[in-house]
Amino acid sequence: MPLIIQEDPNKYPLPPEGLHKAVCVDVVDLGELDTKFGSKHKLSIIFELEEEDEEGRRFIVGKRYTWSLNEKSNLRKDLERWLGRKYRSEELLAGIDLEELLGLNATLFIAHNAGDERTYANIETILPANGKGADKYGLKPSSQYTRVIDREGYKEPAEYAASVNGAAV
């Protein structure tokens, strides 16, 4: 006899496609994750949209990056587009504190992409909120989202990566 389980599409409602006002609510170090290109240090930037779902909760979306500020990296391209300026070499050598992104407003372009089993809302582009560079004004976090490092059962990046990669923890 078949034993069928299905995902409830209402459990993860998708924000509509298009442009959305958003605020950065988290930056998460994911550690060294296995990829089709080998092990890569990854991070996620998490946003809370201004738009709410049917239950009055703001949509949460994120984008995963390789931990790199190389001029060709997606992280650097997105950060420079979002901030509305290029990083100076001195800034890059000193290091960029990603925690400073928390509270910054942005305009996100969200696209829906169908996977094998469900449809995902992906951040295609991160733009300045006001067209002139990121700011900490306007949209504020709702406090509905709890940062990953503040959650019960939080795993340090190495422990999280080991659990995702299938290694013994």
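Q: Where in this predicted model is the place of Ser 143?
A: Ser 143 belongs to the loop between strand 5 (119-128) and helix 3 (157-165).

Q: Why is Ser 143 called exposed?
A: The relative accessibility of Ser 143 is 69%. Exposed requires a value over 50%, and Ser 143 therefore counts as exposed.

Q: What makes the phi of Ser 143 worth a remark?
A: Phi of Ser 143 is near 75°, which is a positive value in a residue other than glycine. Most residues other than glycine have a negative phi.

Q: Which residue just after helix 1 takes a positive phi?
A: Gly 84 does, with a phi of about 75°.

Q: Why is Asp 26 called buried?
A: Asp 26 is found in strand 1. Its relative accessible area is 1%. Buried means under 20%, so Asp 26 is buried.

Q: How do you know that the side chain of Asp 26 makes a polar contact with the side chain of Tyr 145?
A: The distance for this pair is 2.8 Å. A polar contact requires N or O atoms within 3.5 Å, one able to donate a hydrogen and the other to accept it. The Asp 26 and Tyr 145 side chains therefore count as a polar contact at 2.8 Å.

Q: What joins the side chains of Asp 26 and Arg 147?
A: A polar contact of 2.9 Å joins them. Leaving aside neighbours within four places in sequence, Asp 26 is in contact with Tyr 145 and Arg 147, and also with Ser 44, Ile 45, Ile 46, Leu 102 and Val 148.

Q: Why are strand 1 and strand 2 said to pair?
A: Strand 1 (18-35) and strand 2 (38-52) are joined over 12 bridges in the antiparallel sense. Pairing requires at least two bridges, so these strands pair. Within strand 2, His 41 stands opposite Glu 32, and a hairpin joins strand 1 to strand 2 through 2 residues.

Q: How do you know that strand 1 and strand 4 pair, and how do they run?
A: They run antiparallel and are joined by 6 bridges. At least two bridges are required, so strand 1 and strand 4 pair. Val 23 has Asn 105, in strand 4, as its bridge partner.

Q: What makes helix 1 (residues 74-83) mostly covered?
A: Of its 10 residues, 7 are buried. These are Leu 75, Arg 76, Asp 78, Leu 79, Glu 80, Trp 82 and Leu 83. What covers the buried residues includes strand 3 (58-66), helix 2 (89-94) and strand 4 (105-114).

Note on methods
Residues are numbered from 1 along each chain as its sequence is written. This is a predicted model: local features need pLDDT of at least 70, side-chain atom pairs count only at pLDDT 80 or more; totals for chains, interfaces and linings use all residues. Side-chain values use heavy atoms; hydrogens and water are left out. Helices (H or I, at least four residues) and strands (E, at least two) are DSSP runs, numbered from the N terminus. Buried means under 20% relative accessible area, exposed over 50%, partly exposed in between (1.4 Å probe, protein chains only). Contact means heavy atoms within 4.5 Å.
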